[in-house]
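Have a look at the structure first, then go through the points below.

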Amino acid sequence: MPSLHLSKYLDRRFMLASLLALSIAFAAAPFARSQSTPAPTPPPAPTPDQTTPDAGGPGGDPGVIALPKKKDVPTNVTPPAPSAPKVKNPEGMPTFSLKIDVPEVTVDVGVLLEKTHGFVPGLKPENFRVYEDGVAQKVSGFKRVEAPITALMICEFASPRNPNSYSGYALIHDMRNAAFSFAQELHPQDYVALMTFDMRNQIQLDFTQDKRQLLEAIDSLRVPGFSETNVFDALYEGLDRLERIEGRKYIILIASGRDTFSKLTLDKILKKVKAAQDITIFTISTGGFARAVNGDSITMLQADNEMRTFSGLTGGSSYFPRFPGELPDDFNQINQNIRAKYELVYRPSNPKQDGTYRKLRVELVDDEGQPLRIKDEKGKPLKFDIIAREGYRAKQEVE
């Protein structure tokens, strides 16, 4: 009996233990499953179509694209001008400049009263009209010029063809008087040189500001050499020397004007005179009294015409004194012509640098564009002369 009860007791405990074990197993099952079971994988995103379309652009549907909202821009607003680019040289490289040669023409104009040869002051730029080959030019620069001068005296110093002739020595006497008169008009800042000629040219004095040296050089001209007078050759050499000097220059030609032995022809010297740049020629004829006594010959009349041509082509003046007493007044006029002038500057409407000769004409007009009339204090009209060069030769462009 005790064994039966013990057996039942053991069976009951076994069943309780089994139930307890099953309870614990069921409780632990969800925790174990959460630790060992992997998380479900989301479905893969659809792959876009990578095939290239016929047009060559991106293929497939790109879907919805979000674009930023544009601000309203007024249509009538002018966009700002682009700023100039700033160029900076590399370190160590110097700055270079570009110079463009724009042709300019400078014309010195003297306005002198016909009766007194006095300079007419007070003119304005509007009073001047400049014509080049008949075409009006626009004057861009204007001023009155009173400056030191650079002058070359070219004096005829030849022995008379007939030693017994008074007229031959009268030419030397007149030349010396004229040269001394010119020297008295010089200012301390002026530069002057002296060249003489017979059949050859000779520099008696190079450029100097010492008036005493000039007077001594003139006084030394006493015994001439040859009787030939090569004025064309002398003038050509004088022009050639002055062309090497910068600025405005003047030639004072004191001679009879008669040429007897020059290598150059009249055409060649006139071509040289026309081509002269910034050179004005003033001529003073010698032997006036002897010619008045003995009469003029065709040769001397032709010489006078050549002297007028030399000065006229360069804007100078010619003088034909009969007596020595006229010389101070003549050189006083030359001094006024040189020192008191109006300088006009313009850019020619024909800018070609072809070496051609351009004719110039200067006119004076009033405020209404009519020819200018000058009156004296009593209201009487005064005649005046406009002194300017007749033309110039354009520079020849070098290719």
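In this predicted model, strands β1 (residues 105–113) and β11 (residues 341–346) pair up antiparallel, with five bridges between them. One of the pairings to look for is T106, whose bridge partner in β11 is V345. From there, the picture widens to the sheet around them and then to a pair of helices.

**The sheet**
- β1 and β11 belong to an open sheet of four strands, and the order reads β4-β11-β1-β15 with antiparallel pairing.
- The edges are taken by β4 (139–145) and β15 (384–387), each of which pairs on one side only.
- On average, neighbouring strands here are turned by 20 degrees against each other, ignoring direction.

**The helix on the sheet**
- Helix α8 (residues 327–339) packs on this sheet and touches β1, β4, β11 and β15.
- The direction of α8 makes about 35 degrees with that of β11.

**The α5/α7 pair**
- Helix α5 (residues 266–275) and helix α7 (residues 298–314) have axes that come within 9 Å and cross at roughly 25 degrees.
- Angles under 35 degrees count as roughly parallel, so that is how α5 and α7 run relative to each other.
- The α5/α7 crossing is right-handed.
- On the α5 side, the contact uses L266, I269, L270, V273 and K274; on the α7 side, E306, T309, F310, L313 and T314 meet them.
- Sorted by type, the residues of this α5/α7 contact come out as six nonpolar, two polar and two charged.

How values were computed: Residues numbered from 1 in each chain as written. Predicted model: local features only at pLDDT ≥ 70, side-chain atom pairs only at ≥ 80, totals over all residues. Heavy atoms only, no water. Axes fitted to C-alpha atoms, helices over the stretch in contact; angles between N-to-C directions. Helix = DSSP H or I, 4+ residues; strand = E, 2+ residues; numbered from the N terminus. Parallel < 35°, antiparallel > 145°, perpendicular 65-115°, else oblique. Left-handed = near helix turned anticlockwise from the far one by under 90°. Contact = heavy atoms within 4.5 Å. Nonpolar A, V, L, I, M, F, W, Y, C, P; charged D, E, K, R; others polar. Pairing = 2+ DSSP bridges.
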